[in-house]
Each structure stands twice: as structure tokens, then as C-alpha cells.
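Please examine the sequence and the structure shown below.

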Amino acid sequence: MNSSAEPNKRGLFAINPVILVLGLVSLFTDLSSNMIVPILPLYLTSVLHVQVGSIGIIEGIAESTASILKMFSGWITDRLGKHKLLMLIGYGLSNLTKPFFALSANWSQVLIIRFSDRFGKGIRTSPRDALVADSTSKGERGKAFGFRRAMDALGAALGPLAAFGILAIYAGNYRLVFWLSVIPGILAVILIIFFLKEKDRRENVKQASLPKIGFKNLDRRFIWFSLIFTFFTVGNFSDAFLALRAQDAGMLSAFIPLAFFALNMSSSIFSMPIGMLSDRIGRRPVLISGFLIFAAIYFGFGIAKSVSWIWILFVLYGFYYAFTEGIQKAYIADIVPEGQRGTAMGTFNAMTGLAALPASIMAGYLWQTFGPMVAFSTSSAIAVIAALLMIILRI
């Protein structure tokens, strides 16, 4: 067992120091990013006058870029036996790009900036997930991934709240929000440089055992699990469309960041308890429940007629994240051995992330052609099928 996973090395709330620092890094990074994410589609449509279909293209290309890089960064971290360097590069790049949103004048510039931001995410995510897995034992892995996800969601909740406060004081000043988002991003980078410690694991990984990019030598359960989750992701389009749905239902633009605050607070509160539940009853039933929760909520978004229902759905949507985001990574870590987890996490992230491009493009097309009800109902149906596949194939 890795020294970082030994029970006598524990930080706050019985979380070991590596996981604690990673949680704080996630908190500050998502605070920074989610000051921008909820208002970016509003900025694009109301200030730059971009069509909804174009927003789908921007989000799809940006997320797919990150996903391709996650596969390569995961493989590199397994080769080097180091995680911190790639994480520093990735987090640093993402935070350097944020000020440029304030200088953008058209949707193509926003695309380039969003592309660069996601480029950084693609570099950092797989090494970070591998470090969480390598720093914990199987019996506490759900808790560890749940804690990191909870901190991630807390930052994602505080980001929209900060954006709401800024917009309430400086009405419609989206660019000021973009500028101020840099501050928490810098704090995240400082934490990585000065407080994140990792053991050099190169001596524990034999050269012959290093995996190749792709499915070769990876567990059959991992392959099927990745395929099912990729299929599900085709229906899981960007959360930017939730902001547009809220606006479409009559929610005032100034309150949309608060809706995302509610969503992420819900996710933050429940992620760690659900992660601990998965340590007890297994990852599979929790993940299947997550698919079904997603299906019910997206169907609700499709048929909702009032702002009150939109508020309720945003809160409930946090349950979906709690039941899936950390649990899927813990499941992969359970079935893939150390030394191959970076590649496995990267492969999984690449497959599911590449599906984000057709997902967002499909959502934009269905919305513009048939309306939001068809777009959300289609996603709901795909989630139900994914749950059934998990049950039938016993993944």
C-alpha cells in the first residue's frame, strides 16, 4: 500500500493530506471557472448576439479537445510516475486564459479562449484522478473521490454566487466577472506549487507493465463500462443549455447564477456521503441510480412550465452529480491496477468527452428545430437505455 494511503497519515476530517490539497485545488479552480460558465451563454447571446446552435458548437469543440488530451496526459503520467508536473501545467494554462474572455469581441474569439481553457483541463484531469486513486485504498476510495467531488461542487456553487453578487452591483458587467475570476485560479496554482506532495512511483512501475494508449490489456469490465458511459454522454449535453432553459422558462438572467449555486451546493452536500455509500454497497447500484435520476430530471426540464419547477430541478440535478461523478472514477480505480490508472482514466475521459461534441451539437439542433422538450426528452431516453445496459450486462 502506498504510504500516502496509510491510516496514520490523515488531515482534516480523516482525509489524507494529498486528497485534502487536491480538494482545495478543485474548490478554487471550480470557483474561478463557474464564475464564468453560467453567464457565458448569456454573454454570447445578449452581448455578442450568438445563435444557440453556435453555442453548442463552441461547447462541443471545447469539451472534446479536453477529452482527447486527457487520454495522452494519463498515459504520460503513467510513463513518468509523476502527477504534479502535468497538473501544474494544466491548471496554470486554464487560469492564464480566463482574462481573455473579458477582451473577446465575437464568438470565434470565445471559441479559441474556451478551447485553450479546456486544453489545460485535458492536461490536468487524468493525472489528478490517478493521484487520488494511488493515494487511497479500495475501502476509502469512494470517500476520497466523493470528497474531491464535494469540494469541486462547492467551488462550482460559490462561483455562480460570486458572479451573481458582481452582476447585482455592476449590472450587466460580464467582463468584470471574467477579470475577477482570475483570483481564485491563481490560489489553486499556488496550492499545487507549495503544498501538494507526491511520492515518486517510478520505481514501483516496471517498464514492461506500462500500458499502451487504448483498450489493450485493460479489464473487460472497464471496456464495457467506458462504452456504456460514452453512450450515456451522447445525451448529456453541456450545462450551458440549462441556463438557456431557465431563461426560456422565464427566470431573470441575474438569478441564473443562483440556480447553479443551488445545483452545486446540492452536489457538494451529497457527494461525500454517496461516495461512502458506494464503499459499502458497491459502485454499480449507485451508478445505475445516477442514470435514472438524470433521466427523470432531464425529462422534468423538458416539460417544466414555470420558474418554480426550474428551481426544484436545479437542486435535484445536484443528486445526479453526487451519484456519478466521483463514483465512476472510484469504480475505474477499483478494477485497474496502479501504474495503469492514468492511462485508464485518460481513455475513459477521452471517450466520454469526445461524445460531448455530438451531444452539444445534437442538443442545439433539436432545440432550434423542435424545441427544448424534444432535446431534453431525447437525453432522458438515452440515460434510461444506459441504465438498462448496466443491468443487463452486469457491468
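Serine 238 lies in the loop that connects helix H9 (220-234) with H10. Helices are DSSP runs of H or I with at least four residues, numbered from the N terminus. This is a predicted model, in which local features need pLDDT of at least 70 and side-chain atom pairs count only at pLDDT 80 or more, whereas totals for chains, interfaces and linings use all residues. Residues are numbered from 1 along each chain as its sequence is written, and side-chain values use heavy atoms, with hydrogens and water left out.

Is serine 238 buried or exposed? Serine 238 counts as buried because its relative accessibility is 15%. Buried means under 20% relative accessible area, exposed means over 50%, and partly exposed lies in between, with a 1.4 Å probe and protein chains only. Not counting residues up to four places away in sequence, serine 238 touches Glu59 and Ser360; contact means heavy atoms within 4.5 Å.

The next element is helix H10 (residues 240-248), which packs against helix H15 (residues 356-370) at an angle of about 20°, with the axes 12 Å apart. Axes are lines fitted to C-alpha atoms, for helices over the stretch in contact, and angles run from 0 to 180 degrees between N-to-C directions. H10 and H15 are therefore roughly parallel to each other. Under this convention, angles under 35 degrees count as roughly parallel, over 145 as roughly antiparallel, 65 to 115 as roughly perpendicular and the rest as oblique. On the H10 side, Phe241, Leu244, Arg245 and Asp248 meet Ser360, Ala363, Gly364 and Trp367 of H15. The residues of this contact between H10 and H15 comprise four nonpolar, two polar and two charged. Here Ala, Val, Leu, Ile, Met, Phe, Trp, Tyr, Cys and Pro count as nonpolar, Asp, Glu, Lys and Arg as charged, and the others, Gly among them, as polar.

A second pair consists of helix H4 (residues 84-97) and helix H8 (residues 182-195), which pack at an angle of about 165° with axes 9 Å apart. H4 and H8 are therefore roughly antiparallel to each other. Lys84, Met87, Leu88, Tyr91, Gly92 and Asn95 of H4 meet Gly185, Val189, Ile192 and Ile193 of H8. The contact of H4 with H8 has six nonpolar, three polar and one charged residues.

The contact of H12 with H13 has 18 nonpolar, five polar and two charged residues.

In soluble globular proteins, nonpolar side chains tend to be buried together. A nonpolar core is a set of buried Ala, Val, Leu, Ile, Met, Phe, Trp, Tyr and Cys residues joined through side-chain atoms within 4.5 Å. The largest nonpolar core in this model has 101 residues, and those with the most contacts inside it are Phe178, Phe225, Leu242, Phe301, Phe314 and Tyr317. Helix H13 (residues 307-335) gives the most to this core, with 14 residues. Leucine 242 touches Phe260, Leu263, Tyr298, Phe301, Phe314, Tyr317 and Phe376, not counting residues up to four places away in sequence.

Finally, proline 257 is found in helix H11 (residues 256-281). Proline 257 is buried, with a relative accessible area of 0%. Not counting residues up to four places away in sequence, proline 257 touches Pro38, Ile39, Pro160, Leu161, Ala163 and Phe164.

Methods: Helix = DSSP H or I, 4+ residues; strand = E, 2+ residues; numbered from the N terminus.
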